[in-house]
Amino acid sequence: MTLSFDDIQKSESQHVLQTYRRQPVAFVRGKGPRLYDVDGREYLDFVSGIGVASLGHAHPGLAAVIADQAGTLLHTSNLYFHPFQAEAAGRLSALSGLARVFFCNSGTEANEACLKFARRHWHTQGATDRVGFVAVEHAFGGRTMGALSVTYDEHYRAPFGPLLGPVTFVNPDSPDALAAAVTDRTAAIIAEPIRGEGGIRPLPRAFSDAIMDICRKTGTLLIADEVQTGLGRTGYPFYSQAIGWEPDLISVGKALGSGVPVGAALVSEKVAATISTGDHGSTYGGNLLATRAAAFFLEQLMDHGLLAHVKTVGDHLERRLRTLALKHPVIRDVRGAGLMRGVDLRIDAAPVIDQARLQGLLVNRTSETVVRLLPPLTIDAADIDAGIDVLDAVLMTVATEVPA
Ligand code: PLP
């Protein structure tokens, strides 16, 4: 029996903890950059499950690998060895230049691991009071206590205090404020090279340079949160590389499993040397299914031209968005890199998101006024054009009245 949308919604409202505000649509299948709802309607997916479905939906190669692994062995725990952690880790090291990898199950957990490893690094050296973190305004690190502590938005944080401390948030327009915030008690600076949930906001050049400069001068560790920007999304393996950072730790998630939940903390040799057996762990982290999927994605990215493809289609997307901005005064700004773009409007983006969905395009809102575009990394120029044409039509109808 096929359930209707109303059946699904009603049943969820009775049984599922109501922490999410969902859009009124239920998807049952996908193919490449397209999704299909319970009624068979087709949508172009410029959300990718929030930057996760990096290879698009129902990728035949990934599906075959997952099916093979499901029929062979899914999980054994970290009590034992298996072949795929080292395979995925080797590729992550080759991409990042960081020597060692800890596998977990999400971006949040990757940030938790990085925060722990940073503290552990100083603790091992006897600097037991070097426990603070410096983060950036509009940062998003996740919802567990540690990751939440380095998340800026008060409405995520306020009901859950007291959180981890001390954490200082710095305005990225002020390199001087950064210099003042970093003290001899700071374990690490944690920052996204482009803040994703915070509105697709790249860091100003002076600020990202100041981060690297201060870390070099003071020995403070740099944690690059590349959960959203990493693994090809911006046309670079890591956006840290584009802005001249040399992080000690990088957190990744989202794109890594192309839909199979997996995250990782990438760790420099210097930090790894201060971590001991038993310092961190996870029952599921790095299981056979997750790391085989990750290894498959990384192989596509590195050996099958996916990274070069993102650069090409990312430039195309940027050109289309710049043209759109010239046409629609409601667009205040276009930001981002590669296939991670934000269209900042002079109005609330919610009606644009709704209208786009009704016209068969999935985009999402972040930071109130920003239409966020995160299509699958495999999308082609024709589908980008099709999506931007819908956005164009929606902006014509929704945004007719622009506030002065
Ligand atoms: N860090 C960044 C930059 C993110 O964008 C996100 C999620 O949006 C996270 C961390 C948390 O990742 P997850 O939701 O997989 O736990």
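This report covers aromatic pairs, charges over rings and salt bridges in a predicted model.

**Aromatic rings**

The whole structure contains five aromatic pairs. One of them joins Phe102 and Phe117: the ring centres are 5.8 Å apart and the planes meet at 80°, so the pair is edge-to-face. Phe102 sits in strand E4 (residues 100-104) and Phe117 in helix H5 (residues 107-124), 15 residues apart. Both Phe102 and Phe117 are buried.

Phe140 and Tyr156 also pair edge-to-face, at 5.4 Å centre to centre with 70° between the planes. Phe140 is in the loop between strand E5 (132-136) and helix H6 (145-149), while Tyr156 is in helix H7 (residues 154-157), so this pair ties together parts 16 residues apart in sequence.

Two arginines lie over ring faces. Arg29 covers the face of Tyr36, 4.1 Å from the ring centre. Arg130 lies over the face of Trp122, at 3.9 Å from the ring centre.

**Salt bridges**

The structure holds 27 salt bridges. The table gives some of them.

| Pair | N to O distance |
|---|---|
| Arg292 and Asp68 | 2.6 Å |
| Glu318 and Arg322 | 3.1 Å |
| Asp392 and Lys327 | 2.9 Å |

Arg292 belongs to helix H12 (residues 288-303) and Asp68 to helix H3 (residues 60-70), so their bridge ties together parts 224 residues apart in sequence. Asp68 is partly exposed, at 40% relative accessibility.

Glu318 and Arg322 are four residues apart in helix H13 (residues 306-327), about one helical turn. Glu318 is partly exposed at 25%; Arg322 is partly exposed at 39%.

Asp392 lies in helix H15 (residues 381-398) and Lys327 in helix H13, 65 residues apart in sequence. Asp392 is buried at 15%, whereas Lys327 is partly exposed at 43%.

Arg332, Asp333, Arg335 and Asp344 form a salt-bridge network.

How values were computed:
Residues numbered from 1 in each chain as written. Predicted model: local features only at pLDDT ≥ 70, side-chain atom pairs only at ≥ 80, totals over all residues. Heavy atoms only, no water. Phe/Tyr/Trp six-rings, centres within 6.5 Å; stacked < 30°, edge-to-face > 60°. Helix = DSSP H or I, 4+ residues; strand = E, 2+ residues; numbered from the N terminus. Buried < 20%, exposed > 50% of the residue type's maximum accessible area, 1.4 Å probe, protein only. Lys NZ or Arg CZ within 6 Å of the ring centre and 35° of its normal. Salt bridge = Lys/Arg side-chain N within 4 Å of Asp/Glu carboxyl O.
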